Amino acid sequence: MASARHLLPGRLERGAVLIAVMCGLLLFTGVGVFGGQLAAKIKQQSRNEVTESLSRAKEALLSYAVSYADNYGHNTRGGVGRLPCPSPVPNGQPAMSCGANSIGFLPSVWNRGGKRIDIDHREYFVDQNLWYAVSADFRYNPSYNHLNPDSHGQFLSVNQQNEVVAVVMHPGAAMSGQSRNNGAFLPAQYLEGENADGDSHFEIGQLSNDQLVLISRTELMPLIERRVLGIVKDWLVEYFETYGHYPFAARLGDPLAACEQGLTVGIVSMTPGNCLSPPLGDLVSAYVPKQRSIVKTWFGNYNWAPFIYYQVDSSCVTGSSTQCMGQSVNNLSLTVDGDPARFLLISTGRAIASSHLKQMQDRTNLPADLSSYLDTTELVNAGSVFDFSHLKSILASNDQYLVVR
């Protein structure tokens, strides 16, 4: 019994040591697991912040393109859809001009004609040194290329996706062989592979830590066309305020968009034709700089009129405009979605294989067929009673509309 009592303290000591060792191992393992989880969480948070930065940058570029004419005037060049040139330095202003396949830093302040525009949500990416490339057709050069829905020019590409308008890139941490402290700001010191070679192709690949977000033509053009509809609507309202009536239309497909006396269905008229009153293109708008007429703006120079279907109620044109005001509008024959309308505008977009034609629209004939501009049987056969509710279920359509009641 005595020997048992003598052995007990030793056993207790060894047991205590074993427990301490096990606790240490558990603590070390716990710290390792927690540290690994924390590192993964920080890494994911960093990726999320980069994703947010790229998303905010894309939103800012889209906003800039859509509102370009509003910010810089309806001049002879530029117009809706223009994007700034890249900046040669981080957080700088865009270059005043740039060539095809231009690449540099995303500008953080855009300034034209003394008007300063800070990027929206600038705090999200002002310290990120985001890189940016813009396609030839959408750049401010100042651009002489004609940007409209039918533009088929020089685009960028990302992996297998073509017709890319712009690419924004986060370069990630410097990789082997890259040096970013020499002030040279060369793409190869920030980007890798296809993203750094100066051509029009970019890639999301495994051998690069670049993160990319792109703006495609298919997502930008509908926004541009929608904004153009709003601008034309404002011009038509201004025309009515100036002349007391709305202008007559031009024939679909007419490259001159010549006004035709008595025509209430077609495209917005830009040249006099045989009309007794001025076409829309002759309006000297208060929103156009230097007292230019609309025909001498980007809208006229880039031939936007053929893409803007215009239908006006017959009582709202010359000689009968009093019926187009006040309570009389309830008697208009033109109706849109069940309500009377003074005029209707439809942005027809580029020619497509429409659902009712089952083939590509042909806009080369004059006078052009309505089915080559409007994409569904319901719109082609509408007459003066339009219902756009069916467009929500039609994938093969790029028609957008705007109505003034």
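Reply: Start with Cys 85, which counts as buried because its relative accessibility is 0%. Buried means under 20% relative accessible area, exposed means over 50%, and partly exposed lies in between, with a 1.4 Å probe and protein chains only. The model is predicted, so local features need pLDDT of at least 70 and side-chain atom pairs count only at pLDDT 80 or more, while totals for chains, interfaces and linings use all residues. Residues are numbered from 1 along each chain as its sequence is written, and side-chain values use heavy atoms, with hydrogens and water left out.

Me: Which cysteine forms a disulfide with Cys 85?

Reply: A disulfide is a pair of cysteine sulfur atoms within 2.5 Å. Here the partner is Cys 98, with the sulfur atoms 2.1 Å apart. Both cysteines sit in the loop between helix H2 (68-72) and strand E1 (102-105), 13 residues apart. Helices (H or I, at least four residues) and strands (E, at least two) are DSSP runs, numbered from the N terminus. Cys 98 is also buried, because its relative accessibility is 10%.

Me: How many disulfides does the structure hold?

Reply: There are three. Counting bonded cysteines along the chain, the pattern is 1-2, 3-4, 5-6. Cys 259 is joined to Cys 275, S to S 1.9 Å. Cys 316 is joined to Cys 324, also with S to S 1.9 Å.

Me: Is the disulfide of Cys 316 and Cys 324 left-handed or right-handed?

Reply: The torsion about the S-S bond is read for this. For Cys 316 and Cys 324 it is about 85 degrees, so that disulfide is right-handed. For Cys 259 and Cys 275 it is about -80 degrees, so that one is left-handed. The link of Cys 85 and Cys 98, at -75 degrees, is left-handed.

Me: What is the order of the strands in the open sheet?

Reply: Strands of a sheet pair through backbone hydrogen bonds, either parallel or antiparallel. Two strands count as paired if DSSP finds at least two bridges between them. This open sheet has five strands in the order E9-E10-E11-E14-E16, with antiparallel pairing. Its edge strands are E9 (249-250) and E16 (400-404), each pairing on one side only.

Me: How many bridges join strand E11 and strand E14?

Reply: Strand E11 (residues 308-312) and strand E14 (residues 343-347) pair over five bridges, in the antiparallel sense.
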